[in-house]
Amino acid sequence: MSFQNLRTQYSTLLKQFLKSTKEFDVLTTIPPDHSASETLYVLDSSFNPPTLAHLRIASTALQSTPKPRPRLLLLLATQNADKPSKPASFEDRLAMMELFARDLRTHLAITPASTNAAASGLEYELPVEALPLIDIGVTKKPYFVDKAAAIESSGRYPGALEQVHLTGFDTLVRIFDTKYYPPHHTLAPLVPFLEKHRLRVTMRPGDAWGEREEQVAFLEALARGDRDAEGARREWVQRIQLVEGRKPTDPHVSSTRAREALHSAPKDLDWLVPDLVKQYILSERAYPSDGAGTAKV
């Protein structure tokens with residue numbers, strides 16, 4: 001399918017979803033398959049565009065699971081609580097999400113799931129039947145807990161399916177910010193989610209949220225009961241896993257930087273976005289030069 005046809009397909013599917021009463025839906029599954037899974041990994045992002053940072057977060061989570069054939073949901077909110085919908089249209093983002101899914105499966109097929117396999121120097125290839133199923137999904141809900149509830153009640157997945165949301169540390173901070181939970185502004189709305197589902201949080205040392213020790217301290221404070229008065233529960237720390245992110249020496253990869261590179265240093269896209277995504281943004285003009293830096297993600 002050509003990139004233009006792919007975009008047209010998602011334009012049609014998106015219009016159907018927006019006209020419906022559904023709060024969440026899966027538009028496409030890569031590859032088409034309805035196999036059941038015990039765990040659903042959820043990567044909720046603006047995908048503006050999908051980057052190699054997204055790929056690292058998703059691939060390390062999928063490779064860490066002992067369960068056969070994990071399932072991943074790439075989730076796009078059509079109403080975002082904090083970010084504008086520019087510069088790329090939702091149709092472009094959905095098309096890039098499918099291309100990202102294909103890039104991710106290719107990456108997983110040839111990447112050892114363990115350091116022992118990598119160190120052996122032997123050729124390693126994951127069989128096709130073990131590669132994850134990847135859903136391209138959309139939701140009308142802007143807030144985290146409402147998105148999770150919409151997925152759960154959609155009928156798209158078994159009712160007992162555990163969701164593991166893949167987030168950065170910045171998102172964890174927002175999840176625990178009471179300003180998002182009116183009218184009482186407590187953390188009580190997190191109770192239904194953290195009783196059944198989990199968070200896998202990639203630390204981002206050196207960013208606005210402090211060094212590694214400060215980010216670990218965020219959970220230690222929760223475990224001590226420092227946030228009990230806000231409605232938090234100490235046992236929630238058992239449902240939140242902190243994982244290492246990029247090394248301090250690794251280049252900073254972000255959607256903002258990819259958009260900027262498109263116009264200032266296109267060769268940098270080689271280490272900022274996966275291959276099919278790069279081909280799309282170079283050929284389809286999803287980011288006009290006058291809007292390259294409009295939205296921060």
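This is a predicted model: local features need pLDDT of at least 70, side-chain atom pairs count only at pLDDT 80 or more; totals for chains, interfaces and linings use all residues.
To start with the overall picture, the chain runs to 297 residues, and buried residues account for 48% of them. Its secondary structure consists of 10 helices and 7 strands.

Next comes the interior. In soluble globular proteins, nonpolar side chains tend to be buried together. In this model the largest nonpolar core holds 49 residues, and the members that touch the most others are Leu-43, Leu-72, Leu-74, Leu-94, Leu-104, Leu-166 and Tyr-280. Helix H3, covering residues 90-110, gives this core its largest share, with 11 residues. Apart from this core there is another one of 22 residues, which includes Phe-144, Val-145, Phe-176 and Leu-194.

Helix H3 deserves a look of its own. Its 21 residues span 30 Å from the first C-alpha to the last, close to the 30 Å expected at 1.5 Å a residue. Of those 21 residues, 17 are buried, so H3 is largely enclosed by the rest of the structure.

The aromatic rings come next, with a count of 8 aromatic pairs. One of them joins Phe-47 and Phe-100 in a tilted arrangement, with 6.5 Å from centre to centre and 50° between the planes. Phe-47 sits in the loop between strand S2 (39-44) and helix H2 (52-64), while Phe-100 belongs to helix H3, so the pair ties together parts that are 53 residues apart in sequence. Phe-47 is buried, at a relative accessible area of 1%, and Phe-100 is buried too, at 0%.

A further pair brings together Phe-176 and Trp-236: the ring centres are 6.0 Å apart and the planes meet at 65°, so this pair counts as edge-to-face. Here too the link is between distant parts of the chain, 60 residues apart: Phe-176 is in the loop between helix H6 (169-175) and helix H7 (191-196), and Trp-236 is in the loop between helix H8 (212-224) and strand S7 (240-243). Both of these residues are buried, and together with Phe-169 and Phe-218 they form one aromatic cluster. Elsewhere, a charged side chain meets a ring: Lys-140 lies over the face of Phe-17, at 4.8 Å from the ring centre.

Beyond its neighbours within four places in sequence, Leu-219 is in contact with Val-237, Ile-240 and Leu-242. For Leu-219 and Ile-240, 21 residues apart along the chain, the C-alpha atoms are separated by 8.4 Å. Gln-215 also has its place in helix H8, and at 0% relative accessibility this residue is buried. With neighbours within four places again left out, Gln-215 is in contact with Phe-169, Met-203, Arg-204 and Pro-205, plus Trp-209, Gly-210 and Leu-242.

Most residues other than glycine have a negative phi, and most peptide bonds are trans. Against that background, the bond joining Ile-30 and Pro-31 is cis, with omega about -10°; Pro-31 lies in the loop between strand S1 (24-30) and S2. Another cis bond runs from Asn-48 to Pro-49, with omega near 5°, and Pro-49 is placed in the loop between S2 and H2. As for phi, His-185 has a positive value of about 55° without being a glycine. His-185 is in the loop between H6 and H7 and is partly exposed, at 38% relative accessible area. Arg-285 likewise has a positive phi of about 55° and is not a glycine. Arg-285 sits in the segment after helix H10 (275-284) and is exposed, with a relative accessible area of 65%.

Methods: Residues are numbered from 1 along each chain as its sequence is written. Side-chain values use heavy atoms; hydrogens and water are left out. A nonpolar core is a set of buried Ala, Val, Leu, Ile, Met, Phe, Trp, Tyr and Cys residues joined through side-chain atoms within 4.5 Å. Buried means under 20% relative accessible area, exposed over 50%, partly exposed in between (1.4 Å probe, protein chains only). Helices (H or I, at least four residues) and strands (E, at least two) are DSSP runs, numbered from the N terminus. Rings of Phe, Tyr and Trp (its six-membered ring) pair if their centres lie within 6.5 Å; planes under 30 degrees apart count as stacked, over 60 as edge-to-face and the rest as tilted. A charge sits over a ring if NZ of Lys or CZ of Arg is within 6 Å of the ring centre and within 35 degrees of the ring normal. The expected span of a helix is 1.5 Å times one less than its number of residues. Contact means heavy atoms within 4.5 Å.
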